[in-house]
Amino acid sequence: MIVSLSMSLASAAFAAEPQLPKLPASPYFWMPPSASITSENTDALYNVMLWMSLFFAVAIFYAMARFCLKYRAKSRAANEIAQKTSEHNTMLELTWSVIPLLIVIPLFVGGFKGYVNLRTPPKGAMEIRATGQKWKWLFNYPGLGTPDDTLHVPVNTSVRMVINAVDVIHSLYIPSFRTKMDAVPGRYTDLWFKATQVGEFPIFCAEYCGTSHSDMLSRVIVHPPGGYEQWLANTIAAADSLTGKDRGAMLYEKQGCSTCHTIDGSPKVGPSWKGIFGKMEAMTAGSPIKVDENYLRESMMDPQAHIVMGFSPAMPTYQGKLSDKDIDGLIEFIKSLK
Amino acid sequence: MASPSATADVVAPRSSSGGDNYLTHDKGILSWIFTLDHKRIGVMYLCSVLTAFALGGFFALMVRTELLTPGRTIMDHDTYNQMFTLHGAIMVFLVIIPGIPAALGNIIMPLQLGAKDVAFPRLNLASYHLWVVGAIFMLTSLAINAVDTGWTFYTPYSLTTSTAVVPAAFGAFILGFSSIFTGLNFIVTVHKLRPPGMTWFRMPLFVWSLYATALIQVLATPVIGITLLMMIVERTLHIGIFDPTLGGDPVLFQHFFWFYSHPAVYIMIVPAFGVIGEIIPVFSRKRMFGYKFIAISSLAIAFLGFLVWGHHLFVSGQSVLAGTIFSAITFLIAIPTAIKVFNWITTMYKGVIHLDTPMLYALAFLWVFTIGGLTGIFLAVMSVDVHLHDTYFVVAHFHYVMMGGAITAFMGGLHYWWPKAFGRMYNEKLGRIAATLVFLGLNTTFFPQFILGSRGMPRRYYNYLPEFQSLHVLSTLGAYTLGIGFLMTAFYLVRSLKNGKIAPANPWGGVTLEWQCSSPPPYYNFHKAPVVTAGPYDGYEDLMYDEKLGGYLPRPSSGDSPPRPLK
């Protein structure tokens, strides 16, 4: 079991493109399926406003069309004179000031209640850390040393996500849960949800963050009862057992390296890893450097120190996110890509 | 005759084609570049704004074409990011903000006040020259390595990207001064240059709206100026203000930015209200219903517009209390806005409605602005905004208001005052066809985006999930329709300058003062300052259409004594 899982992880590393999350079929026309209790308030208010808007839009368009048809001038030459009507009517104007006011007050109150609920995680909620970086979401689970690029949660359990970013602002957006929160470098924000449906739902980055903003996708997998614990145990076991270049191959996918570095020789946001080990590379500043173990380690810990010519300083630091075992694994993996 | 000259202008139907007007008064390119005449400055603004509009529109079509397929269609990630940034920055800073006030306002507002010029003609020229300098800086960024931050320049991304942020931001900084100069000029003009008899409540609604806009321009624009300057200083000298790695706060930038940019939304839409306020009464041959309310509500909206910037930050980590206050004030703005729409429509009741091109644009405005306004309520409801924020729903909403509202009104105003400004009639039939194309195009472009956004499609995405494709294709087809509509407009407007029918002084039967001087107006506007004795929309019944002339003249039955054009 463990062996087969580690095999699949390693082979996943060589998949050319990460799989796109699937947008699940929705019973609604306007909205994606609702899969968390946090959706209820939003969907109810959205529906009320949809009908209200439809009513006002139809009433206004009807009046416009009717007046245009009924009072349309014959021709300029006919020189018709408009009928005299009052040019101001206090009762009428008061009515149509008060009615919109009476309509928006409950909308405001409903939105306020929903918002307070969205922003107040229940006590005792399970905590998962989310880190936004160009261009990958990394999720840290209690008890799991290395982060994962997919969000796994148990069904019917309140989950609080503690969110931050390492480089620029991102925004964690789960449409099926109707919730979203910016990931801001230098501070923590949070959101919570309680999934009500087992299944897979897409996660997007909603705040523009540069080149591959639109590829900063992930998935939330809602496990049936017991499934989450099983997944966690398997992953912990697999992560511990991997060493050397297999560990590097796993991290290449899970840590977001593959977002910018290919392993087939074609440059992306950063240089391709294929055949880079041992090469002399020109730098944007200073003299050329030989890509050896020390340069690779420096590039992970302090990526801005020496940038290979032709690339921009876009990489976030992995200081504190990779153990020595992880770094060794990645270096072995890069060495193996001849 | 009490006011012989003004009357003479009304009667003489631009027999002045050979005579002297502001277009022919001086010759040579320098007489344009260094002119102090408000009409010429307005015309230069108009040409520049329309050129920028063509450029911004081109970028929009590139963006829409790329979005035809979920993956790569015609360009790579980075080019796409540059395209939507340039589209936004050009449309906001170079087109919509100066569009109605600086271009149409400069040409028309002093005429509506019966004035010879604005209060400070030199400041007016400086404003235009600064616009040009600002535009050059923006285009410099385009030439070096076009900025890719989005028009919002959010930190810390804008501090770290390798594209040419500094020239673009500096361009926006300079354009801010251009905007402040226009605003300052208009405030003083409205206060000091109103003609005898024109009390505040006898001012045309266009003047009211430009006055309200000018107050926002003067008060809000300095904030974006200093914010962009701080960002430039941080980028070049690494002084920590917004960058967390230097001890700064990136969300502070968003507060500063929206402290200007939300009021700036009203800099864009309030002048549009003014244009609609001119067109609807004239083409319904009726006084504006609830004139005082509409006039005052522009000021109310301008004031409240300063207090809602935090509704752009409901998911930025802003406190719940702050969010609640911003949401409540946002709802307050919905009320005067709704009443304006009701008043405009009531004005048409029992009118005599002429569906010429300007009126078609005004009706299109009412339609799209209603949709834009109603969808704004979705975004003001905090819990719903958490879902919709930064999705295509927001993109659709603000395009309905900015493109559908501000640009549609600008097009309406352009057609309404075109005969006045250039002395030629455009081809009315082509005008109506183009207006219909623009209306259909913009609904086809932006309505599907509401559905995309509600379903979870985030904005500023180069790749997207294949499930979203059909709506994107529909939206792109709409954008092409819009493009055809605008190209057609450019074609017949330019052609009218040469082949158009000579315009009479008053082709639509307007009673505001600009219709009293010949088309195009003489260099000094009015030989004798007019005197105002009635409200801005009084006296449609005293005008009569003359078929031979193709325009309106005072109704003869009102006596051989001076007609009543001054009302």
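The legends below accompany several close-up views of a predicted model.

**View 1. The contact between chain B and chain A.** In this predicted model, 78 residues of chain B are in contact with 76 residues of chain A. On the side of chain B that touches chain A, helix 11, which covers residues 320–348 of chain B, gives the most, contributing 14 residues. When the residues of that side of chain B are divided by kind, 45 are nonpolar, 22 are polar and 11 are charged.

**View 2. Helix 3 of chain A and what its buried residues pack against.** Helix 3 of chain A runs over residues 90–119 and so has 30 residues, and the distance from its first C-alpha to its last is 43 Å, close to the 44 Å expected at 1.5 Å a residue. The buried residues of this helix are Val104(A), Leu107(A), Gly110(A), Gly111(A), Gly114(A), Tyr115(A), Leu118(A) and Arg119(A). Within chain A, the buried residues of helix 3 pack against helix 2 (39–70) and strand 6 (179–183), and in chain B they pack against helix 11, helix 12 and helix 13 (382–388).

**View 3. Helix 12 and helix 14 of chain B.** The axes of helix 12 (residues 357–380) and helix 14 (residues 392–422), both of chain B, come within 8 Å and cross at roughly 160°. Because an angle over 145 degrees counts as roughly antiparallel, helix 12 and helix 14 of chain B are described as roughly antiparallel to each other. Their crossing is left-handed, and the residues of the contact between these two helices of chain B divide into 15 nonpolar and 10 polar, with no charged residue.

**View 4. Helix 15 and helix 16 of chain B.** Helix 15 (residues 428–454) and helix 16 (residues 469–499) of chain B pack at an angle of about 155°, and their axes are 7 Å apart. Helix 15 and helix 16 of chain B are therefore roughly antiparallel to each other, and the crossing that they make is left-handed. In the contact of helix 15 with helix 16 of chain B, the residues divide into 18 nonpolar and 10 polar, with no charged residue.

**View 5. Arg297(A) in helix 6 of chain A.** Arg297(A) is found in helix 6 of chain A, which covers residues 293–301. Arg297(A) has 16 other C-beta atoms within 10 Å and is therefore partly exposed. Between Arg297(A) and Ala282(A) there is a separation of 15 residues in sequence, while in space the two are 18 Å apart, C-alpha to C-alpha.

Methods: Residues are numbered from 1 along each chain as its sequence is written. Chains are lettered from A and ligands numbered from 1 in the order in which they are written. This is a predicted model: local features need pLDDT of at least 70, side-chain atom pairs count only at pLDDT 80 or more; totals for chains, interfaces and linings use all residues. Two residues are in contact if their C-beta atoms, placed from the backbone, lie within 7 Å. Helices (H or I, at least four residues) and strands (E, at least two) are DSSP runs, numbered from the N terminus. Ala, Val, Leu, Ile, Met, Phe, Trp, Tyr, Cys and Pro count as nonpolar, Asp, Glu, Lys and Arg as charged, and the others, Gly among them, as polar. Axes are lines fitted to C-alpha atoms, for helices over the stretch in contact, and angles run from 0 to 180 degrees between N-to-C directions. Angles under 35 degrees count as roughly parallel, over 145 as roughly antiparallel, 65 to 115 as roughly perpendicular and the rest as oblique. A crossing is left-handed if the near helix is turned anticlockwise from the far one by less than a right angle, and right-handed if clockwise. A residue is buried if 20 or more other C-beta atoms lie within 10 Å of its own, exposed if 12 or fewer, and partly exposed in between; C-beta atoms are placed from the backbone. The expected span of a helix is 1.5 Å times one less than its number of residues.
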